[in-house]
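Me: I would like to learn how to read charged side-chain pairs in a model. Please take me through some cases.

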Amino acid sequence: FFWDTIQLGAKQASWFYEQGFRYWVLPEEIDSGHPPVFGIYLALLWKFFGQSLMVSHLAMLPFLFGIIHFATRVGERLAAAWSTPFLLLLLAVDPTFAAQAILVSPDLVLAFGFLMGLEGVFSRRRYLTGLAALILAMISLRGMMIVVVLYLFDLGRQYLEEKDQKDPAGWLSTIFRSILPYAPSGLFALAFLLFHYVETGWIGYHAGSPWAPSFERVDTGAFFYNIGIFGWRLLDFGRVFVWFIIMGILLRNWKMATEHLILRKLLLLLGVTILLLSPSLLLHQNLLLHRYLLPVYVSATLLLYYLLF
């Protein structure tokens, strides 16, 4: 456990473990407004196998194996099956992903849910998309935002695939029909937020919370400063080479962007992920942490993999 995972993992799980799951509302000093499902998951495993760091790390293995599985499946949809180990390598050498992969971290669960959801969208398996969306909504408030990313990407995928047969009435039907797999996650999010508000009187954070300064709104000057920091986060830790290769290949083969359906889908995924996640990061004082951009890094990795292979 390190940094935020102390609070989101160790402290919350210890509280449920020590209280014997008698109470479902966390004490204010360790309640960060997220659904406490990750802490409950750890506490349950501690009840069965003992409260230890080893058990906590082993609790992450299903999600690590799940990431390998779903990344491989998505990779097989983008390029030849023999090249999927290179996609896993590209993920493994991303410093932010690698850091979360050695921690007892809810962000690892978020990466798992994101890749699972992408496989559900690409394969059109609505039950898989729905399960991934529910996992994301249960893990954190950012996970709830990623559910919206998946839904918009799902809609965009259908738009690109049915480009020549558009009918306004039909598209209205598609928009509502496409909500169905995401409905359970939306209902869970709504139920949790309402329950939390009724019990505590706040959602997300409150004025007296230790993390409240991070959520202070910024003025115009700080907003543009945050844009610079956001760009730095995208380029940091050697990712400048990722973007350099992506832009180099696209500029040399610009027609490919209009001819390749899969490439348009991946560009859409990257664009939607950045557009949905960036406003909350840019408008607040101190939310531009690398791990908050993990879905962006994963989307960029998928795009790089496709262009290379």
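Reply: Side chains of opposite charge can pair when their charged atoms come close. Here, D107 and R142 form a salt bridge through their side chains, at 3.0 Å from N to O; the term means a side-chain nitrogen of Lys or Arg within 4 Å of a carboxyl oxygen of Asp or Glu. D107 belongs to helix 7 and R142 to helix 9 (residues 141–161), 35 residues apart. Helices are DSSP runs of H or I with at least four residues, numbered from the N terminus.

Me: Are D107 and R142 buried or exposed?

Reply: D107 and R142 are both buried. Buried means under 20% relative accessible area, exposed over 50%, and partly exposed in between, with a 1.4 Å probe and protein chains only.

Me: What kind of model is this, and how are residues numbered?

Reply: This is a predicted model, where local features need pLDDT of at least 70, side-chain atom pairs count only at pLDDT 80 or more, and totals for chains, interfaces and linings use all residues. Residues are numbered from 1 along each chain as its sequence is written, and side-chain values use heavy atoms, leaving out hydrogens and water.

Me: How many salt bridges are there in the whole structure?

Reply: The search finds eleven. One of them joins E119 and R77 at 2.9 Å, N to O. E119 is in helix 7 (residues 106–123) and R77 in helix 4 (residues 61–78), so this pair ties together parts 42 residues apart in sequence. E119 is buried at 0% relative accessible area, whereas R77 is partly exposed at 32%.

Me: Which residues are linked in a network of salt bridges?

Reply: R124, D154, R157, E161 and K265 are.

Definitions and conventions. Helix = DSSP H or I, 4+ residues; strand = E, 2+ residues; numbered from the N terminus.
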